[in-house]
Amino acid sequence: QVQLVESGGGLVQPGGSLRLSCVASGITFSIYTMGWYRQAPGKQRELVATITSGGTTNYADSVKGRFTISRDNAKNTVYLQMNILKPEDTAVYYCNAGRRNIVGVLTTYWGQGTQVTVSS
């Protein structure tokens with residue numbers, strides 16, 4: 001059974017920092033592209049950042065320079081370090097694991113989400 005379990009969310013003041021963690025089980029973690037997505041109230045889920053099995057990262061323009069995604073394959077864990085947080089970063093943050101097989105079929109898994117609220 002595949003599980004992605006996020007932690008580290010909470011309430012933080014504007015300008016503050018949080019680090020999200022996502023521990024994966026039931027998959028061969030090292031071969032998956034891992035990602036963080038977020039969904040604010042009334043909005044669609046959007047990409048925040050991804051990191052491939054080889055360590056290549058990709059960020060949404062809105063978080064470039066403020067957020068850093070990283071992974072520890074030995075711990076089956078992906079992290080999202082969030083600095084200089086803004087009220088518009090408030091959302092539920094979801095962990096995602098995805099990979100395409102040799103014929104291009106996508107397999108993807110989602111965590112249950114963790115709430116991040118940026119407010120004074």
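Me: What makes Arg66 and Asp89 a salt bridge?
Reply: The closest N and O atoms of Arg66 and Asp89 are 2.8 Å apart. A salt bridge needs a side-chain nitrogen of Lys or Arg within 4 Å of a carboxyl oxygen of Asp or Glu, so the pair qualifies. Arg66 sits in the loop between β6 (57-59) and β7, and Asp89 in the loop between β8 and β9, so the bridge ties together parts 23 residues apart in sequence. Strands here are DSSP runs of E, at least two residues long, numbered from the N terminus.

Me: Before I go on, where do these values come from?
Reply: This is a predicted model, where local features need pLDDT of at least 70 and side-chain atom pairs count only at pLDDT 80 or more, while totals for chains, interfaces and linings use all residues. Residues are numbered from 1 along each chain as its sequence is written, and side-chain values use heavy atoms, with hydrogens and water left out.

Me: How do you know whether Asp89 is buried or exposed?
Reply: Asp89 has 1% relative accessibility. Buried means under 20% relative accessible area, exposed over 50%, and partly exposed in between (1.4 Å probe, protein chains only), so Asp89 is buried. Arg66, at 8%, is buried too.

Me: Which other residue does Asp89 bridge to?
Reply: Arg38, with the closest N and O atoms 2.9 Å apart. That pair links distant parts of the chain, since Asp89 is in the loop between β8 and β9 and Arg38 is in strand β4, 51 residues apart.

Me: Why is Glu46 called partly exposed, and what about Arg38?
Reply: Glu46 comes out at 37%, so it counts as partly exposed. Arg38 has 6% and therefore counts as buried. The two side chains meet in a salt bridge too, at 2.7 Å, N to O. Put together, Arg38, Glu46, Arg66 and Asp89 are linked in a network of salt bridges.

Me: What makes Val103 exposed?
Reply: Its relative accessible area is 67%, so Val103 counts as exposed. Val103 lies in the loop between β9 and β10 (106-110).

Me: Which residues touch the most other members of the largest nonpolar core?
Reply: Met34, Trp36, Val78, Leu80, Met82 and Tyr93, out of 30 residues in that core. A nonpolar core is a set of buried Ala, Val, Leu, Ile, Met, Phe, Trp, Tyr and Cys residues joined through side-chain atoms within 4.5 Å.

Conventions
Helix = DSSP H or I, 4+ residues; strand = E, 2+ residues; numbered from the N terminus.
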